[in-house]
Number of protein chains: 2
Amino acid sequence: MNLSPKIENFVLHCGEMGSRWGFNRTIGQMVGLLVINEHPLTANQIAEALKISRGNVSMGIKELQSWQLVKVQHIPGDRKEYYAPNGTIWDLANKVFEERRKREIDPTLTLLRDQILDTANTPEEKYAQEQMQSIHDLLETVTKWSAELQRLTPEQLQSLMKLGSSVSKVIDLKDKLLKKS
Amino acid sequence: MNLSPKIENFVLHCGEMGSRWGFNRTIGQMVGLLVINEHPLTANQIAEALKISRGNVSMGIKELQSWQLVKVQHIPGDRKEYYAPNGTIWDLANKVFEERRKREIDPTLTLLRDQILDTANTPEEKYAQEQMQSIHDLLETVTKWSAELQRLTPEQLQSLMKLGSSVSKVIDLKDKLLKKS
DNA sequence: TTTAACTTTCAATAATTACTGAACGTTTAG
DNA sequence: CTAAACGTTCAGTAATTATTGAAAGTTAAA
């Protein structure tokens with residue numbers, strides 16, 4: 001399990017980006033390693049390739065499973081577990097996106113819904129509630145949009161994109177069509 | 001500078017979410033505090049309200065300025081600096097979005113562009129490059145889309161949203177229109 | 001100038017987060 | 001049943017990140 005320089009480079013980069021993508025360095029490296037290898041890897045292979053302890057691999061896999069990013073495979077007559085990415089690159093990105101929405105947006109949306117129902121007693125609270133309402137509306141829009149976009153295949157997205165490569169044009173389209181009918 | 005329970009609750013929540021939004025707890029609280037207050041605040045007021053040191057406020061403001069999330073205001077005859085959110089809620093969200101794209105996507109895109117130009121020497125490298133190509137294409141699509149969506153006003157977005165509340169319908173629309181012409 | 005009112009910086013330290021490795025659990029082949 | 005081969009857990013420790021507060025920097029009024 002020694003990586004070619006090019007592949008190692010990619011894996012190390014994934015590690016550096018890991019924390020920005022929502023996990024930590026080691027887990028970032030694990031994702032990179034699994035994605036870049038055509039064949040599933042055992043926990044020991046991962047530990048060896050990344051030079052980390054066996055226990056750390058176990059915890060990392062657990063975390064990745066909570067994100068639904070890896071799946072376990074078995075080879076007949078072999079007791080070891082083999083780990084592989086749970087879907088295409090596109091699938092993985094969707095899963096990360098979805099999970100982050102749950103962690104970064106949903107809790108705030110819940111809080112704001114409660115707060116907005118309360119009555120404001122002072123002018124400060126009045127203003128505060130208006131702001132919270134704005135944030136709430138923004139987050140709802142973002143949530144709905146991300147759900148919409150996730151529903152599309154990469155091909156649909158790219159097709160939509162090439163339509164003059166501007167969403168504003170889609171709006172124009174819509175207006176035109178609505179006028180005709 | 002003592003906060004009403006309702007407002008304090010919101011500020012504390014922003015703190016808890018802070019690290020998920022790309023900063024740390026204290027900076028999250030600062031954003032919450034500035035957004036929820038109608039009037040700009042001085043560094044000392046922020047320190048007092050959040051019960052943190054004056055130096056910490058200074059560093060937090062610096063960080064928020066690098067994200068372009070706060071602006072400084074002055075009151076004539078007063079040497080203190082007053083801090084306020086740099087734009088509407090929508091503007092702030094856009095700035096965060098943009099900054100995160102720079103940190104979370106751009107560096108990887110740069111790396112992948114380089115890697116893809118290299119020639120693959122082994123079958124493993126061949127596969128690795130195909131995967132890197134997929135990731136690259138995905139990130140480019142995401143980048144372009146986020147740029148498109150950011151260009152729209154909240155009103156445009158919501159109008160587009162209400163169009164049967166499904167982007168797939170827009171694609172259908174497009175197809176219909178193209179057939180007609 | 002000097003001094004007072006402010007802001008910034010940064011070394012020391014506190015708080016948080018990640019990692020190791022040994023102990024324990026589980027499964028299966030012999 | 002026993003031992004070997006694997007996976008998991010978690011207390012202790014290492015690494016990283018955030019915070020304080022004292023010192024230094026800046027500005028402007030007197």
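Reader: How many salt bridges does the count come to over all chains?

Author: The count comes to 22 salt bridges over all chains. Keep in mind that this is a predicted model.

Reader: What makes Arg100(A) and Glu104(B) a salt bridge?

Author: Their side chains meet with N and O 3.1 Å apart. The cut-off is 4 Å between a side-chain nitrogen of Lys or Arg and a carboxyl oxygen of Asp or Glu, so the pair qualifies. This one crosses between chains, going from helix H5 (residues 89-104) of chain A to helix H5 of chain B.

Reader: How many salt bridges are there between chain B and chain A?

Author: The count there is six. Take Lys6(A) and Glu125(B), whose closest N and O atoms are 3.3 Å apart.

Reader: Let's turn to the DNA. Which residues come nearest to DNA strand C?

Author: There are 16 residues around DNA strand C, and Thr26(A), Ser53(A), Arg79(A), Arg54(B) and Arg79(B) come nearest. By class, this surface has three nonpolar, seven polar and six charged residues. H4 (54-66) of chain A and H4 (54-66) of chain B each supply at least two residues. The largest share, five residues, comes from H4(B).

Reader: How do you know that Arg54(B) has a polar contact with a phosphate oxygen of DNA strand C?

Author: An N or O atom in the Arg54(B) side chain is 2.3 Å from that phosphate oxygen. The limit is 3.5 Å, so the pair counts. Asn56(A) also passes, with a polar side-chain atom 3.1 Å from a phosphate oxygen of DNA strand C.

Reader: What part of DNA strand C does Arg79(A) reach?

Author: A base oxygen, 2.6 Å from a polar side-chain atom of Arg79(A). Of the DNA strand C atoms within 4 Å of the protein, 65% belong to sugar or phosphate and the rest to bases.

Reader: Which residues are closest to DNA strand D?

Author: Arg54(A), Arg79(A), Thr26(B), Ser53(B) and Arg79(B) are the closest of the 16 residues that surround DNA strand D. Sugar and phosphate make up 63% of the DNA strand D atoms that come within 4 Å of the protein.

Reader: What makes Arg54(A) a polar contact of DNA strand D?

Author: A polar side-chain atom of Arg54(A) lies 2.4 Å from a phosphate oxygen of DNA strand D. That falls inside the 3.5 Å limit, so it's a polar contact. Asn56(B) has a side-chain N or O atom 3.1 Å from a phosphate oxygen of DNA strand D. Arg79(A) goes for a base nitrogen of DNA strand D, at 2.8 Å. The elements giving two or more residues to this surface are H4 of chain A together with H4 of chain B. Five residues, the largest share, come from H4(A).

Reader: Last one: where do H5(B) and H6(B) meet?

Author: Arg101(B), Lys102(B), Arg103(B) and Glu104(B) in H5(B) meet Asp106(B), Pro107(B) and Thr108(B) in H6(B). The residues of this contact divide into one nonpolar, one polar and five charged. The two axes come within 4 Å and cross at roughly 35°.

Technical notes. Residues are numbered from 1 along each chain as its sequence is written. Chains are lettered from A and ligands numbered from 1 in the order in which they are written. This is a predicted model: local features need pLDDT of at least 70, side-chain atom pairs count only at pLDDT 80 or more; totals for chains, interfaces and linings use all residues. Side-chain values use heavy atoms; hydrogens and water are left out. A residue is near a molecule or strand if one of its heavy atoms lies within 4 Å of it. A polar contact is a pair of N or O atoms within 3.5 Å; within protein, one must be able to donate a hydrogen and the other to accept it, and residues adjacent in sequence count only if both atoms are side-chain atoms. Ala, Val, Leu, Ile, Met, Phe, Trp, Tyr, Cys and Pro count as nonpolar, Asp, Glu, Lys and Arg as charged, and the others, Gly among them, as polar. Axes are lines fitted to C-alpha atoms, for helices over the stretch in contact, and angles run from 0 to 180 degrees between N-to-C directions. Contact means heavy atoms within 4.5 Å.
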